[in-house]
Amino acid sequence: MKTQKSKSSGSNNWLGTNSQHSFINTISKRSNAMKNAIAILIFVLVSSLAFGQGTFKNNGTLINTSTLNAGTFQNYRTAPGTVYNSSTIHTTSNYVNSNGTLNGLTFNQDVTNTTGGTINVDGSYTNSTGFTYNSKAASLIRIGSALTNTTAANFSTDTGAVDYKAAAVQSVSATIKSNTYGALTLSGGGDFAKTLAGSVTVEGLVTIAASTQFAVGASNTLTVNATSPFSNSGTFTADAASATVVYNNTSDQDVTGANYYNLTIANGGTKTVNTGAATVAIAASGTLTNGTGIFDLAANALTTDATSTITNGGTIQTGGAVTFGAEHTIAGTFIYNRATTTQSLGAASYTNLTLANGTGATGQKNFPAGTVTVTGTYTTGGADRSYGSGTFVYGSTAAQNVLGGAAEPYNNVTISGSADTSTHKTVTVGNLTVANNLSISANNTLDFGSFTTAGALAGTIDNSGKTMWASSNTYIGGTGATELYGSGASSLVNGAYGSLLFTGAGTLSLAGATTTATYTLVSSNLTVSGTGVLTVTGDFDNDGIVTNQGTITVQ
């Protein structure tokens, strides 16, 4: 019986050396017992290779379509080797693609660039100055220790996947082509952290296995582009100093709940929190940035620190708990939309504030003890609300509607933001009810329109700007102006005013003692009744018709 020689070239002969072949050919001519011994020897040789104890040195071209096991795979000997792998290469030690001089070429795919393979390395993958193409959707490199790559462009995995699989702490390399992974897996368990070593983009899925930690790392940016970018069974953190996570899909995208330093919602669409932790937390000095789209926290909580910042160019909406560490300034639109159970608002200066859903005490929106400022549009959407012990500020620099009526039982109200009294804040819906203090700042105007009363004003009232009335007024004192501009009959309530202006076309009557500290301008009709007393400290300017049946004193 002849023993067939294996086909080989140099060190690529994985069945043994030429001297080993000669030995086998010689002893194969002997007795059956010796043949059995030969079989055992061959089994030992092949078993050693199967369990991966030796070093595979590739000096030529390897086309692997099945399973190759070795201790170390070295893709060079006296010259660089070339690998095409469309199945599995497993090393129990390292995969060395380059020694810095001899640069191997590894294609983790077949020769036709059709099918990807798996390179499973229990130790380190050293690419150094070699070339690795992990470039098919099914291409996977699993790394048990470190990925070493000197030139970023030489390790291409912007389509393939890399799994950092060690049951140990690992650094996730950013020295890869275009700083981009096709997919990224963090596994190994043991509560060991895998930390980014630089800024990367992941086009596909980031998978965090059970009991595995993945951290973005200080000053690094993780950009995720997939519609559903995370499969998280472990722990994801991104709150190290200056760490940033960017959700960058051009349309709708899932967002994972986590602790962030900087969280950026980019490229429009609706980004919805529906994976990970139940709270999105922004760390001290960190920033939540929402671009032009919608950032929907769903029922998840949002918390910030006293030094956090919120930058919003679109819409942020939440049905969860909101805890602000500071009274942030929030542009765009912020919507509180929990439908059931109460929802607490964060103290902040909002551009547009919308309350949606929720009726009755169980669905009520509760204002904070601090200050809520609205500089744009305030929309209640039918939601029941309690203003608590805080202050509501209408702070627009432009015209603004001030909601009144029984549904708005304010505690404190401040009218501010305008540069001059020509810009009106106009009471709409119903009379204004304020349990404590009403403050109208200098240069600001509160126009009550046709409402004949300011409702229940129980506390301190300070008008340093201007109030306007289309008919009879409620007395609001202070150093500011009071203007009645109605076209019908009305009356001025007794009091000590900063100044009075009667500018309408109707007839205005005064009854009782009324004083003003500056001047009275009359461009319409003024009647001082027989019991009326009008005392002006300053000038009295009459451009209308004044009928005096009482006493007018200009002093």
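Biologist: Is Phe 392 buried or exposed?
Modeller: Phe 392 counts as buried, at 2% relative accessibility; buried means under 20% relative accessible area, exposed over 50%, and partly exposed in between, using a 1.4 Å probe and protein chains only.

Biologist: Good to know. What should I keep in mind about the model?
Modeller: This is a predicted model, where local features need pLDDT of at least 70, side-chain atom pairs count only at pLDDT 80 or more, and totals for chains, interfaces and linings use all residues. Residues are numbered from 1 along each chain as its sequence is written, and side-chain values use heavy atoms, with hydrogens and water left out.

Biologist: Thanks! How many aromatic pairs are there in the whole structure?
Modeller: The search finds 24. Rings of Phe, Tyr and Trp (its six-membered ring) pair if their centres lie within 6.5 Å; planes under 30 degrees apart count as stacked, over 60 as edge-to-face and the rest as tilted. One of the pairs is Tyr 378 with Phe 392, tilted at 4.8 Å centre to centre and 40° between the planes.

Biologist: Where do those two sit?
Modeller: Tyr 378 is in strand β37 (residues 378-379) and Phe 392 in strand β39 (residues 391-394), so their pair ties together parts 14 residues apart in sequence. Strands here are DSSP runs (E, at least two residues), numbered from the N terminus.

Biologist: And Tyr 410, buried or exposed?
Modeller: Buried, with a relative accessible area of 1%.

Biologist: Which residues form the aromatic cluster?
Modeller: Phe 367, Tyr 378, Tyr 387, Phe 392, Tyr 394 and Tyr 410.

How values were computed:
Helices (H or I, at least four residues) and strands (E, at least two) are DSSP runs, numbered from the N terminus.
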